[in-house]
Each structure stands twice: as C-alpha cells, then as structure tokens.
Amino acid sequence: MNQLAQEYNNAQISNNIPENDCPRVWIGCLSAYNQGILHGEWVDVPETEEELIKLKDEILKTSPGENPEEWEIFDSEGFGPFDTYYLDLETAVLKAKFQI
C-alpha cells in the first residue's frame, strides 16, 4: 500500500470511531478498498431501508475509488444476539428494529 493510501486509511479509522450503543454499520466502498484505500463510515441504522440507501449513496459520492458503485457492510455493532455476517441494507434495518 502506498503512503497516500495509508495516510487516508488512518484518517478514516480515527474519524469514524463509534460513540454510542445503538445498532450501526460501517459501510465501505469496494472500489476504494480494491485500490488499497479504506473509505467508508459508521452510520446509525435508521428506521427505513430508503434512509439507509441515502446514507450509503452519500458515502459512495465521497469515495476516492474509481467508479464507486459497489459497496459492502464491513462491520456492525449493537445488534445483540443477531448474526450480522453478510448484512444487506434491508436486513440491517429489520434486525436493528429489534434492538432499539
């Protein structure tokens, strides 16, 4: 990984530390990730899938990756006993409703 990518990754990590216990997900841009850049953000899971889609779209708009269209939920927290591997946006919203 080149120095610029490493500096960008360090800034992303330090600026996106979760601060509360509500269900949240870390949405990241796969295009940036494939270029060695960690670009994404922790977001509280909102009430609707449409709101989460808007948050995801905002994250992708600011991505330094080429053609930032693909994304993934890289991490999650606050979902209690629910399995959160391979979450999609709809499932994240549904599971979050049981934890609030």
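A residue is called buried when its relative accessible area is under 20%, exposed when that area is over 50%, and partly exposed in between, as calculated with a 1.4 Å probe on protein chains only. The model is predicted, and local features therefore need pLDDT of at least 70, side-chain atom pairs count only at pLDDT 80 or more, while totals for chains, interfaces and linings use all residues. Residues are numbered from 1 along each chain as its sequence is written, and side-chain values rest on heavy atoms, with hydrogens and water left out.

**Salt bridges**

- Side chains of opposite charge can pair when their charged atoms come close.
- With a salt bridge taken as a side-chain nitrogen of Lys or Arg within 4 Å of a carboxyl oxygen of Asp or Glu, the count comes to four.
- Lys56 and Asp57 form one of these salt bridges, with the closest N and O atoms 2.9 Å apart; Lys56 is buried at a relative accessible area of 11%, whereas Asp57 is partly exposed at 32%.
- Glu77 is joined to Arg24 by a salt bridge in which the closest N and O atoms are 3.3 Å apart.
- Because Glu77 lies in strand E3 (residues 71-77) and Arg24 in strand E1 (residues 24-29), this pair ties together parts that are 53 residues apart in sequence; here helices (H or I, at least four residues) and strands (E, at least two) are DSSP runs numbered from the N terminus.
- Arg24 is buried, with a relative accessible area of 5%, while Glu77 is partly exposed, with a value of 29%.
- Arg24 and Glu77 also belong, together with Asp44, to a network of salt bridges.
- Glu58 forms a salt bridge with Lys61, their closest N and O atoms being 3.1 Å apart, and the two residues, three apart in helix H3 (residues 49-61), are separated by about one helical turn.
- In this pair Glu58 is partly exposed, with a relative accessible area of 44%, and Lys61 counts as exposed at 63%.

**Helix H3**

- The expected span of a helix is 1.5 Å times one less than its number of residues, and for the 13 residues of H3 this gives 18 Å, in agreement with the 18 Å between its end C-alpha atoms.
- Leu52, Lys56, Ile59 and Leu60 are the buried residues listed for H3, and they cover an arc of only 95 degrees around the axis, which puts them on the same side of the helix; the arc is that of the directions from the helix axis to the C-beta atoms.
- Glu50, Lys54 and Lys61 are exposed on the other side of H3.
- The buried residues of H3 pack against E1, strand E2 (40-44), E3 and helix H4 (89-97), where contact means heavy atoms within 4.5 Å.

**The sheet**

- Three strands make an open sheet in the order E2-E1-E3, with antiparallel pairing, two strands being paired if DSSP finds at least two bridges between them.
- E2 and E3 stand at the edges with a single partner strand each, so one side of each is left without a neighbour in the sheet.
- From one strand to the next the twist averages 25 degrees, with axes taken as lines fitted to C-alpha atoms, for helices over the stretch in contact, and angles running from 0 to 180 degrees between N-to-C directions.
- The antiparallel pairing of E1 and E2 extends over five bridges, and Val43 in E2 is the bridge partner of Val25.
- H3 packs on the sheet, where it touches E1, E2 and E3, and its direction makes about 160 degrees with that of E2.
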